[in-house]
Amino acid sequence: MPFAILDEVKIYYEMFGEGKPIVFIHHLAGSYKSWSQQSYYFSKKYNVLVYDLRGHGRSSVPLSPYRIEDHVRDLNSLLEYLEIKNPIIVGHSIGTLIALDFALKYSLDKLILIGALYKSPDPEPYRRYISIADTYGMEALALYRKMNKEFSSALVENQTAWNELLNVYRDNSPIGYRYAVEGLLLANNYEKDIEKIDSPTLIVYGSDDKLIQNLKVLRKLKNYDENIISGFGHFLNFEAPDELNKAIAGFL
């Protein structure tokens, strides 16, 4: 199993293919498996890097909140460890905050934001999520969110997509989830900083993603394209992998 031993953490990663490097940063309660259909597709032309964020999957689970800046430091250290320079960065959900912060600090070729955030979310539901995960486990949290209709119908009515999401939830521990959420809720508001990013950027949302309201702020980027995938929600990597791959490939 490939691990990078960094200053503070051990990060699990996998690499596929050859060519221009493209790095995928997963969602909260995700893992490198969140990108399984992207890894295969893009490895035909690119050097694909997928990894588990600190506190997720097989990576270390430090016992303190994971700020976005911590994730960015991990990513930069991982790239240095693997001798990767000027990559294409793809972020999903919390991964978009990591990608934005990275783009403000380091060199990259292109930026792709899927289901993007630009600031910390409303803390109230996340405190409830932590309590459920602590008490009943990560699978119970996913089922609670499903019961509460917080996932799109395109996800929950597609048994393959739902099982894939459920499996990556199972990859995570309640402790890691707690500290990931606590760090997420401390995230900066990047609205004003977004204007400083000049890398070519693709913004992708599902039309049914509740975070699509963030698009009006992300349109402050200097150099961007946008792609709205109709009929799908927040987890395009599971709900609409072919459509998402086509959108990314068309931008690259």
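This is a predicted model: local features need pLDDT of at least 70, side-chain atom pairs count only at pLDDT 80 or more; totals for chains, interfaces and linings use all residues.

A word on the description used here. Two packed helices are described by the angle between their axes and by the distance between those axes.

Start with helix α2, residues 68–81, and helix α3, residues 94–105. Their axes are 9 Å apart, and the packing angle is about 65°. An angle of 65 to 115 degrees counts as roughly perpendicular, so α2 is roughly perpendicular to α3. The crossing of these two helices, α2 and α3, is right-handed. On the α2 side, the contact is made by I68, E69, H71, V72, L75, N76 and L79. On the α3 side, I94, L97, I98, D101, F102 and K105 take part. Sorted by class, the contact of α2 with α3 holds eight nonpolar, two polar and three charged residues.

Next is helix α4, residues 123–136, with helix α5, residues 138–147. Here the axes are 7 Å apart and the angle is about 135°. That angle makes α4 and α5 oblique to each other. The α4 and α5 crossing is right-handed. From α4, the contact uses R128, Y129, I132, A133 and Y136. From α5, it uses M138, A140, L141, Y144 and R145. What classes do the residues in the contact of α4 with α5 fall into? Eight are nonpolar, none are polar and two are charged.

Helix α5 also packs with helix α7, residues 159–170, where the axes come within 8 Å and cross at roughly 140°. As a result, α5 is oblique to α7. The α5 and α7 crossing is right-handed. On α5, the contacting residues are M138, E139, L141, A142, L143, R145 and K146. On α7, they are W162, L166, Y169 and R170. This contact of α5 with α7 divides into seven nonpolar, no polar and four charged residues.

Now the rings. How many aromatic pairs are there, taking ring centres within 6.5 Å as the rule? The count comes to 13 aromatic pairs. One aromatic cluster is formed by F24, W35, Y41, F42 and Y46.

Last, two places where a charge sits over a ring. R58 lies over the face of Y12, at 4.7 Å from the ring centre. The charged end of K110 sits over the ring of F251, 5.2 Å from its centre.

Key
Residues are numbered from 1 along each chain as its sequence is written. Side-chain values use heavy atoms; hydrogens and water are left out. Rings of Phe, Tyr and Trp (its six-membered ring) pair if their centres lie within 6.5 Å; planes under 30 degrees apart count as stacked, over 60 as edge-to-face and the rest as tilted. A charge sits over a ring if NZ of Lys or CZ of Arg is within 6 Å of the ring centre and within 35 degrees of the ring normal. Axes are lines fitted to C-alpha atoms, for helices over the stretch in contact, and angles run from 0 to 180 degrees between N-to-C directions. Helices (H or I, at least four residues) and strands (E, at least two) are DSSP runs, numbered from the N terminus. Angles under 35 degrees count as roughly parallel, over 145 as roughly antiparallel, 65 to 115 as roughly perpendicular and the rest as oblique. A crossing is left-handed if the near helix is turned anticlockwise from the far one by less than a right angle, and right-handed if clockwise. Contact means heavy atoms within 4.5 Å. Ala, Val, Leu, Ile, Met, Phe, Trp, Tyr, Cys and Pro count as nonpolar, Asp, Glu, Lys and Arg as charged, and the others, Gly among them, as polar.
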